[in-house]
Amino acid sequence: MIYSNKNKTEMLDCYVEMAKNTRAAARLYKTRYPDRPSPEHTRFYILYKNLQEYGSFTKPKSRVSKAINVDNSFSVLASLIENPHTSLRTIADEDSKFLTNILWTDEAKFHNNGQVNHHNTHYWNDSNPHWINETNKQVRWGVNVLCGIIDNHLIGPYFFDENLNDNKYLDFLKNDIPILLENISLKQRLNLIWLQDGAPAHNTLAVRAYLNEVYGDHNWFGTYSPTIQWPPRSPDLSVLDFFFWGHLKNEVYKEKSNSVEELKQKIKDCCSKIKSSVLKKSTSIEVLKRLHFCLAEYGKQFEHKLKYK
């Protein structure tokens, strides 16, 4: 849809009037101009961002051709939502550092019987370690682990006592994540994009209000994030799901753990051995490859196709 400069100015008026809330701005625009086509709510932010950065409603075209590579991967998800048929080369020009700023986060529970229970999916070791068959499944214990990956840095592991709930998660966001991010550069922390899945503890009003306060409308993705909602069931796009947990459990479950503390130490040791180059590949090349398949399949399942490429 092509909008005149007058239309775009009126969109910005609505955006500013509604305190830069894109959805509220879209509703106000629709109410104020009922006879016009309703723009996507992401359009308001894009117009505002372009005007701030380039002094124009549209980003000026560069004469230098940019290829899609590790550092120039894919654009903000808003562009994909607004126009899923946009070429990846065009999208990549929008924000070359987008992927390097995402902090992918997730939790998993490690059990003593050699099995990770994560999002109702069970993963087994690639080779049979034999002791699994000898484990008394009536005596089952485990630890809740949270990890994050940003660019080529691993954040964590962080252990939650017992089951995760909204109070524990909010306390973690307020008091623990700042400490875990101390080794990340100040520039990267200032541009950080928090990404979480749809676990119930992540979606309470208190947690969402805190994330809005710290990261604003545009720098966190989740099931109910204000600007762009992360798909609720998308393990094939999440770095920790399609790579990290499977890799980590293969290492941790090579030998039996006899206590919670031993299991925790084993998780820490295995995490410390993961190379930064492996993390970098998973958050860049692998994510971009999966994005290609996701677009090609119009958002449907594509994991099975990756095995043949």
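**Close-up views of a predicted protein model**

**Figure 1. Overview of the protein chain.** The protein chain holds 15 helices and 7 strands, where helices (H or I, at least four residues) and strands (E, at least two) are DSSP runs numbered from the N terminus. This is a predicted model, in which local features need pLDDT of at least 70 and side-chain atom pairs count only at pLDDT 80 or more, while totals for chains, interfaces and linings use all residues. Residues are numbered from 1 along each chain as its sequence is written, and side-chain values use heavy atoms, with hydrogens and water left out. Of the 309 residues in the protein chain, 48% are buried; buried means under 20% relative accessible area, exposed over 50%, and partly exposed in between (1.4 Å probe, protein chains only).

**Figure 2. His41 and its surroundings.** His41 sits in the loop between helix H2 (22-32) and helix H3 (42-54), and it counts as buried because its relative accessibility is 13%. Not counting residues up to four places away in sequence, His41 touches Thr22, Arg23, Ala26, Pro226 and Thr227, a contact being heavy atoms within 4.5 Å. The side chain of His41 also reaches the backbone oxygen of Thr227 at 3.4 Å.

**Figure 3. The two sides of helix H12.** Helix H12 (residues 260-272) has 13 residues and reaches 19 Å from its first C-alpha to its last, close to the 18 Å expected at 1.5 Å a residue, a span calculated as 1.5 Å times one less than the number of residues. In H12, the buried residues are Leu263, Lys264, Lys266, Ile267, Cys270 and Cys271. They cover an arc of only 160° around the axis, so they lie on the same side of H12; the arc is that of the directions from the helix axis to the C-beta atoms. The exposed residues Glu261 and Ser272 are carried on the face of H12 turned away from its buried side. Strand E1 (102-111), strand E4 (142-150), strand E5 (153-160) and helix H11 (239-252) are included in what covers the buried residues of H12.

**Figure 4. The largest nonpolar core.** A nonpolar core is a set of buried Ala, Val, Leu, Ile, Met, Phe, Trp, Tyr and Cys residues joined through side-chain atoms within 4.5 Å. The largest one has 37 residues, and those with the most contacts inside it are Trp104, Phe110, Phe244, Trp245, Leu248 and Ile267. H11 gives the most to this core, with 8 residues. Leaving aside its neighbours within four places in sequence, Leu248 is in contact with Phe110, Ile267, Cys270 and Cys271.

Key
Polar contact = N/O pair within 3.5 Å; in protein donor to acceptor, adjacent residues only side chain to side chain.
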